[in-house]
Amino acid sequence: MAAGSGHRIDRDELLARVELTDVLDALSPGRAERGGRRAWRCIDPDHPDVHPSVKVSIDRTGTQRWRCWSGGHGGTAIDAVMVARSMTVADAIRWLNDNYARLDVIERHAPPPAQPIGRPDPEVVTYVQRAHRLLWTPAGQPMRDWLHRRGLDDDVLRTNLVGADPGRRFLPRPKGLPGGLPAVVYPALDKDRRPVYFQARFLDPLNGRSKYDNPARRWASNPRLAWIEPPAALERDALVVTEGIADGLIAAQSGFGAVGVLGSQYPDERVGDAIVQNADGRKVIICFDADDAGRQGTERLADLIEQRNLGRPDVVEPPTGMDLTDWANQDPNWADLIDPPLNPKLPRQQPEPVGDLGLSLHLPE
Ligand SMILES: [Zn+2]
C-alpha cells in the first residue's frame, strides 16, 4: 500500500508493530472496563457513543481488530485512524508509522552489497579491456568514427583505454553491466591507470532514455573521478578538471593532464582531497559546462580546493551553452587560451579577463 511520494511502508509489518489499544486510547473520547475487558467510546466522531461500545479482538491472521458493537463498524488500526481523523489510507498509514511504529521506509528488494570504491569486480576490468581491443576491429568501426567526429584521435583513445561495445555477440557480459546496445566505453582509470569503473555512451540512445549507462554497484562503485593522461609527448603544466570523461579526453589530447568528475554538480570532500593530493604542483583549471549546473559545480569544487590550501583554482568557461568538446571543435586555439603553451614557438593568444569567470573568446562570427 503506497504511503505517498513513492515510499512504501509495509502494511502488515506496520499493523504487527502497532498496539491497537494504544491507538484507541489516543483516538477515543473515553473508555471503561467491562468484565475484565477494555471498551472504548466509539472513535467515529459521528457516533455519539455514551456507553463504550468498541472492543478489540484478534482475527485468524493474528491482526488486531476493533469493532463498535453499537454502530456495527470496525476494522484495523488503519481503519480506526481513517474513521477518527477523516484521513485517507495513505495518510492514516503515515500517521500510525510516525506515532506508533517508526518503521524504516522499506526497500522491497534489498540491493546486493556494493563493491568498494576503486575495487571493481574482475568482470568490469575484463569488459573494459575487451572493449578497448574491440575498438580497433571492424566491429568497433562505428564507435571509432563517432569518437573521431567528436575530435578525438587514436593516440588519446589508446592512452586512456577507451573502448567499443558492439553488443553481446562480440562482448558477452553478466547482468548488471550495460545491456548491449552499441556504445562507446569510457573507462574511469585510477591514478595507477587501472580501470575501476566505466560509462557506456550509447551511439543511438533509446527515446527518452539516458545516453549513458554504468555498471551496477555490485560490479563497481562510482569513483567520482576518472584520471586521464595526455599522449606522452604533449605535456602541459596544468591539470584540467572536466565534467565527465569525454571532455577530459579532449583536454588530454591538447596535452593536459585531466580528471573527469562523474556527478560534477555535487563534488564532495573526497573529490576535493583527491584533486589536491594529485595536482603534483600543477596549476588546476576547472572547465565545466557553460550552464547553470556547470557553474554550480564549479563554485562548489573551487571552494573545496581552496579550503585545502592549494589556492583558488583557475576557472574557465566555454562559450555559453557549450561544453569543452563543443568549444574545442569550434576553436582549435582553446587550449592556448586557457594555458599559454610551454613551447614558445607555438602561436599564443593573450586571454583577456571578462567578468569573474574567465576569458574573452575569439570565436568565429
Ligand atoms: Zn460506533
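Two residues are taken to be in contact if their C-beta atoms, placed from the backbone, lie within 7 Å. The structure described here is a predicted model, in which local features need pLDDT of at least 70 and side-chain atom pairs count only at pLDDT 80 or more, while totals for chains, interfaces and linings use all residues. Residues are numbered from 1 along each chain as its sequence is written.

The protein chain contains twelve helices and 14 strands, where helices (H or I, at least four residues) and strands (E, at least two) are DSSP runs numbered from the N terminus. Of its 365 residues, 38% are buried; a residue is buried if 20 or more other C-beta atoms lie within 10 Å of its own, exposed if 12 or fewer, and partly exposed in between. Among contacts in the protein chain with a separation of 6 or more, 59% join residues 24 or more positions apart.

On the α3 side, A77, I78, V81 and M82 meet V89, A92, I93, W95 and L96 of α4. By class, this contact of α3 with α4 has nine nonpolar, no polar and no charged residues; Ala, Val, Leu, Ile, Met, Phe, Trp, Tyr, Cys and Pro count as nonpolar, Asp, Glu, Lys and Arg as charged, and the others, Gly among them, as polar.

Turning to the sheets, an open one of four strands runs in the order β6-β7-β8-β9 with antiparallel pairing, two strands being paired if DSSP finds at least two bridges between them. Its edge strands are β6 (163-165) and β9 (212-213), each pairing on one side only. Strand β8 (residues 195-202) pairs with β9 over two bridges, and A200 has D213 as its bridge partner in β9. Helix α5 (residues 122-134) lies across β6, β7 (183-189) and β8, at about 100° to β6.

A second open sheet has five strands in the order β10-β12-β11-β13-β14, with mixed pairing. At its edges stand β10 (225-228) and β14 (314-315), each with a single partner strand, so one side of each lacks a neighbour in the sheet. Four antiparallel bridges join β10 to strand β12 (residues 257-261), where G260 stands opposite A226. Helix α8 (residues 244-253) packs on this sheet, touching β10, β11 (238-243) and β12, with its direction at about 170° to that of β12. Helix α10 (residues 292-306) likewise packs on the sheet, touching β11, β13 (283-287) and β14, and its direction makes about 160° with that of β13.

Finally, G71 lies in the loop between β4 (64-68) and β5 (74-75). With 15 C-beta neighbours inside 10 Å, G71 counts as partly exposed. Leaving aside neighbours within four places in sequence, G71 is in contact with C42, D44, H47 and S53; D44 is 27 residues from G71 in sequence and 9.2 Å away, C-alpha to C-alpha.

Technical notes
Axes are lines fitted to C-alpha atoms, for helices over the stretch in contact, and angles run from 0 to 180 degrees between N-to-C directions.
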